[in-house]
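Subject: Handing over a structure, with notes on what was found

Dear colleague,

I am passing a structure on to you, and I have written down what was found in it so that you can read the notes beside the sequence and the coordinates. Please look at it first and then go through the notes below.

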Amino acid sequence: MQGWVILALLLSLGVLRSQAQNGLGELPVPHGLTLQPDLPAQTLTMTWQSDSSLFDIEIFHTELMNVVLNETVAVKTDPVTGQRVWIWHSSLPLECTSHSVRIRARNQQSVSQWSPPQTIPGSDIPEKSESSMYPQDKVVPVGSNMTFCCIVKEKVDFQDIRYMGQQMSATRLSRRTYAITVTNQPASGNTGTNVVCCSPEFTLTGAVVFVGYPPGDEGLVCETRDLASAKCSWWKGRDTHLKRKINRTNYTLNGRDCLVTNDGNTSWCSSKVWEDNWTLVARNTLGTVRLTDSAQLANRVHLLAPANVTAVEVKAWNATLQWSWPVAAYKKLEMVCQLELIGHELSSTRNYSGTGLSSVMLEGLWPDADFTVTVRCGSKHGFWKWGDESAPFRIHTKMDRPDALDVWVWMDSSNTGLVLWKPLSVRKSHGALVGYKVSQSSAEEDGWTTVSLPPERFNYPIILNNSSDITVAVAAQNPAGLSQPSTVTTPAYRADSQLSMSQLLGTNGTFDLSWQPNANTSRGYVVEWVPTGCSGLCPVNWEKVPEKDSSFTVKPDSLEKGVRYTVSVYVLSTGAATLLQRWQGYSQEMIPAQSVDLSANQTGSDVLLSWKATTMKQQRGFIRGYTIYLANAARLDLVANISDPEVRSYRVKGLSLSSYKFVVKAYTSAGEDMGTTVAIKMEMDTADMLFVGILVPLAAMFCCLILISICCYKKREWVKKAFYPEIPGPKVPGDWSSPQGPLDVKPPPHSLVHIVESPEWDFSKKGLVPVPEEEEEYENDNIEVDTDSDEPALLRYYNQVVGDGSHSNHVSDSSGSSTASVGSTQTEITYAGIQSPTSSQGASGGGGYRPQMQSAADPAEPQDEFEADFQDDGLNTGYKPQCSWQLDSPEAENFSGSLGSPTSVTSSQFLIPESSEEKPQSSSTWFHSFLSGKS
Amino acid sequence: MAGRGTNGRHGLRGHAGRTAALARLLHKECIQLLESYRNSESLPSSPVAGDYLVSTPPLVPQLSDAEKISILHAALKECLRLLEDVITREDAEFSDEDSEYRRKRKTVRDRLGHLLASTEQLLVDGQKFEAEVKEELDGQAASGSFGLKMWIVRVLQDLVHWTGQTSDTLRSLPAEMVKAPKTMSRRTRRGAGKIRK
């Protein structure tokens with residue numbers, strides 16, 4: 001029974017204990033909480049006493065009760081003090097605002113009550129009324145994040161916080177405190193990065209943060225300059241950006257403060273005593289770097305520069321140089337010195353060695369040349385590096401006799417030549433030249449003839465009076481003396497025409513020559529090249545080739561494109577040089593500079609194109625041929641390609657009658673020239689023209705005549721009727737018994753025939769006899785006579801017809817246009833003149849014949865007397881047959897002045913009786929009959 | 001006679017004119033210096049809170065021109081002292097690398113010395129006022145590098161202010177300035193109890 005009671009008590013106690021631990025207030029509250037802030041480090045150290053090991057810690061901004069930390073941490077007891085310590089690092093400077101801390105113990109799910117809060121006051125308490133900003137002058141690495149706070153002065157409004165001049169988003173922490181957080185800060189400038197807090201009116205306060213890098217130094221090297229002390233240098237590496245003096249990197253060398261001297265990106269500091277091991281420590285706020293170096297003094301000798309460098313003796317080909325050392329210890333040092341010689345054409349580096357070296361002889365210099373010498377030395381044993389270089393020292397060597405000249409003779413004819421020599425370079429002249437001495441001698445003359453030439457002359461003409469060779473010696477002269485004379489004997493002249501030259505084709509602007517070696521050569525060969533066809537002072541180039549060589553390349557700098565060169569190789573032996581081989585060629589061919597002279601001639605249906613080649617200078621390459629084009633509008637059609645350059649003509653065959661333009665272009669290997677154009681118009685051949693122009697019309701005419709003849713034959717009856725109608729016989733009143741035979745009628749001066757009106761005209765008589773023309777003209781030379789020579793013939797013919805018994809009442813026309821009338825149809829004109837009195841008006845001005853009818857339209861007719869006769873006739877103003885005609889009337893003689901016109905073919909008038917009923921047909925009538933075929 | 005002529009009415013007026021031109025030029029350069037500093041430091045253009053560092057008796061219209069010149073001379077003298085202190089402290093604190101601001105700073109310092117020497121020649125009878133500096137740099141330096149920078153701004157603001165005052169005053173000098181010495185002596189003696197010498 002008692003056992004159960006004890007067990008029950010124990011169980012109840014256990015339950016009570018368990019209930020007490022699980023319930024609130026059962027765990028003891030931590031006590032003795034104290035706060036210890038580290039403002040620069042922004043840490044808060046909390047110490048308290050408690051039996052528990054697990055605690056809830058809560059930190060909050062006192063004023064606004066903003067919790068900034070609520071964390072459960074396990075904190076051990078400090079074995080020395082028996083207190084529990086926990087350090088909190090705040091991202092916000094603790095001065096920004098008041099912070100309060102409270103702690104409670106925790107055991108799994110049970111917690112004690114919170115300890116009374118402890119507070120550290122910030123700078124925003126009312127007692128501190130001024131503006132301020134935190135943190136101040138903090139040094140942080142690049143890329144870090146920071147929180148800045150601004151505590152605004154009492155009764156002043158807050159506007160913004162600016163980081164590097166840029167407004168930032170601010171958070172309010174308390175009544176007067178505002179904060180910004182900057183992330184990934186860049187490196188600062190020389191005076192740090194400014195964070196400024198502003199009110200609307202003023203700049204209130206601010207802070208500077210220095211953002212940079214830890215030291216980046218590397219490469220420590222120590223050396224000695226005086227064989228005793230040490231100078232250690234290193235590379236500073238990356239800029240720390242910490243320029244504020246208290247933030248700059250601090251250096252110690254082997255534990256001693258190092259007075260750093262900066263030389264660019266290299267820094268160095270010195271130690272009075274050499275030590276074999278060196279340690280440099282570089283330290284700044286953000287970090288520390290340790291550099292080491294180990295070496296013996298002998299291996300780290302860096303000599304100073306030689307001083308007082310002078311030349312104690314200067315000659316033409318050498319000079320002695322001397323200097324001194326600023327450190328006495330150098331005199332016992334085995335050293336090697338390097339002299340750098342810089343001249344106009346000669347630069348070299350020479351090494352000399354010796355103990356305490358301070359004098360050397362420079363050899364291999366050139367006469368009359370400027371040299372600049374610098375000296376630097378180093379330790380021979382354990383060479384470390386070359387020492388400092390001395391100041392440059394200038395040397396001018398003395399003069400010496402010039403070198404021998406390179407002389408050649410160029411023969412431009414069989415008895416004239418030009419002695420040529422190449423200018424001496426500065427290196428070979430050994431001093432400014434004052435002139436040349438040219439001596440010549442021939443086999444026929446004793447001794448030498450010498451002439452002096454100025455230094456700018458490089459040739460001397462020679463004339464061979466006879467065929468003997470001349471030997472010429474040329475020497476250059478400067479103030480130091482004459483050079484060795486160079487002799488040359490004139491070679492035999494060989495004209496190009498005497499040789500069979502081969503073409504030489506250039507390669508990349510050069511001539512690659514090769515020839516068969518000649519056994520006779522004892523002094524090698526001379527390659528000579530000169531523009532072909534050049535005369536006078538030609539640019540003659542030559543080069544001497546050793547006898548072992550049998551090839552040579554002419555460099556392009558002495559060759560001109562598009563110029564033909566004659567290249568000759570001479571064999572040098574004792575005596576005159578002999579020509580071995582000769583070429584002609586272009587280093588680089590170009591298209592011809594000028595086109596050919598072109599002409600074209602027509603030969604039948606062919607065109608013969610012929611041209612003349614341009615001059616050699618204009619060819620600029622070997623002419624390979626010609627191309628012939630036919631120009632059609634804007635294009636050229638190839639007609640022929642003549643690959644033989646000697647052909648200078650071409651016949652284009654089978655061309656039709658048209659105009660053509662031909663273009664002929666010469667071409668070299670570089671291409672065609674611009675071409676010459678010739679135009680030709682194809683015309684018909686002379687024989688053809690004769691054929692077409694003469695024979696064809698003749699044939700046509702012949703055909704017409706045949707047709708007319710046929711037609712006339714078939715219509716011969718009608719023709720006879722139309723042209724030769726039956727003329728009724730005249731009715732001759734009275735006795736007309738004149739004997740048969742020609743009527744000896746003397747026509748009046750104005751007429752060729754005098755016809756006497758007689759009704760008893762006997763048709764069988766020969767009525768009219770033409771007066772010889774000469775006679776008529778003789779008698780009427782004052783009369784304007786028709787010059788038509790047919791008229792007398794017609795008259796004869798006409799009278800013959802009449803005489804033959806052909807009767808016609810035709811009356812000779814008296815119109816003024818006798819020539820035309822006579823030339824056409826005599827009969828027609830005659831009738832027209834009779835039937836149409838007005839037709840005679842056209843001849844009124846000429847004072848020609850007026851038929852027996854007065855023309856009222858021509859009152860100005862000068863034949864007044866003649867007119868008066870008709871006017872007397874009253875009504876008979878019309879046609880008046882020759883009834884009133886009076887043979888040999890004296891009045892008729894008076895008509896001579898007005899009736900002398902040859903158109904007044906009065907001789908063709910017939911004595912037609914007025915009673916004649918037959919009327920002559922009009923021309924239209926007979927023509928119509930002709931066409932209609934009536935007879 | 002020639003020497004008297006140059007020190008006479010026209011010579012003095014000419015000197016005052018040159019001094020006014022010098023003050024005007026310096027005022028312009030001080031403005032540029034302040035602007036250059038603000039730009040290099042990315043500082044806002046709003047003025048730094050606080051009064052001018054250098055204080056003088058008020059330049060009331062009742063003062064004679066000579067008295068005004070004397071007061072301004074005293075203020076400029078204090079400005080030069082403050083500027084030299086600033087230069088010394090700034091060079092000690094930060095890198096002494098060359099910059100546009102530093103070249104202008106040296107120019108202003110040298111020209112301020114010339115202006116002081118020039119205005120001193122305008123002073124008459126050895127009567128001199130003194131200016132007072134209310135705050136010193138040591139008190140501001142406790143606030144760190146930013147305090148130094150704000151101090152520099154305030155010194156430059158004072159320079160702008162006092163060179164401007166000097167320029168305005170010298171430019172408004174009337175032609176009878178040359179007569180001022182006699183009258184100024186009387187006024188100086190009368191106002192001696194109010195103004196520190």
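Are Cys96(A) and Cys149(A) buried or exposed? Please keep in mind, before the answer, that this is a predicted model. Cys96(A) is buried, and Cys149(A) is buried as well. These two cysteines are joined in a disulfide, with 1.8 Å between their sulfur atoms. The torsion about their S-S bond is about -90°, and the disulfide is therefore left-handed. This pair links distant parts of the chain, since Cys96(A) sits in the loop between strand E5 (84-89) and strand E6 (99-107) of chain A, while Cys149(A) belongs to strand E11 (residues 146-151) of chain A, 53 residues apart.

The other disulfides

Over all chains, the structure holds 6 disulfides. When the bonded cysteines of chain A are counted along the chain, the disulfides follow the pattern 1-2, 3-4, 5-6, 7-8, 9-10, 11-12.

Another of these links joins Cys258(A) to Cys269(A), with an S to S distance of 1.9 Å. The angle about its S-S bond is -135°, and the link of Cys258(A) and Cys269(A) is left-handed. Here too the pair links distant parts of the chain, with Cys258(A) in the loop between strand E21 (256-257) and strand E22 (261-263) of chain A and Cys269(A) in strand E23 (residues 266-271) of chain A, 11 residues apart. Cys258(A) counts as buried because its relative accessible area is 12%, and Cys269(A) counts as buried at 2% relative accessibility.

A further disulfide is found between Cys337(A) and Cys377(A), where the S to S distance is 1.9 Å. With 105° about the S-S bond, the link of Cys337(A) and Cys377(A) is right-handed. It links distant parts of the chain, and both ends lie in strands: Cys337(A) is in strand E28 (residues 334-343) of chain A and Cys377(A) is in strand E31 (residues 370-379) of chain A, 40 residues apart. Cys337(A) is buried, with a relative accessible area of 0%, and Cys377(A) is buried with a relative accessible area of 0%.

With a relative accessible area of 32%, Cys711(A) is partly exposed. In chain B, Cys30(B) is likewise in no disulfide, and the nearest cysteine sulfur, that of Cys79(B), is 8.1 Å away. Cys30(B) counts as buried, at 1% relative accessibility.

Chain A and one of its sheets

Chain A has 12 helices and 55 strands. Of its 935 residues, 44% count as buried. Among the contacts in chain A between residues at least 6 apart in sequence, 65% join residues at least 24 apart.

Strand E49 (residues 606-612) of chain A pairs with E52(A) in the antiparallel sense over 4 bridges, and Ser610(A) stands opposite Ser649(A) in E52(A). In general, the strands of a sheet pair through backbone hydrogen bonds, either parallel or antiparallel.

Where the chains meet

How many residues does the contact take from chain A and from chain B? It takes 24 residues from chain A and 21 residues from chain B. The area buried between chain A and chain B is about 1,700 Å², and carbon and sulfur atoms give 52% of it. Across the interface of chain A and chain B, the rule finds 1 salt bridge. A salt bridge is formed by Glu93(B) with Arg244(A), and the closest N and O atoms are 2.6 Å apart.

With kind regards

Key: Residues are numbered from 1 along each chain as its sequence is written. Chains are lettered from A and ligands numbered from 1 in the order in which they are written. This is a predicted model: local features need pLDDT of at least 70, side-chain atom pairs count only at pLDDT 80 or more; totals for chains, interfaces and linings use all residues. Side-chain values use heavy atoms; hydrogens and water are left out. A disulfide is a pair of cysteine sulfur atoms within 2.5 Å. Helices (H or I, at least four residues) and strands (E, at least two) are DSSP runs, numbered from the N terminus. Buried means under 20% relative accessible area, exposed over 50%, partly exposed in between (1.4 Å probe, protein chains only). Two strands pair if DSSP finds at least two bridges between them. Contact means heavy atoms within 4.5 Å. Buried area is the accessible area (1.4 Å probe) that two parts lose on being put together, summed over both. A salt bridge is a side-chain nitrogen of Lys or Arg within 4 Å of a carboxyl oxygen of Asp or Glu.
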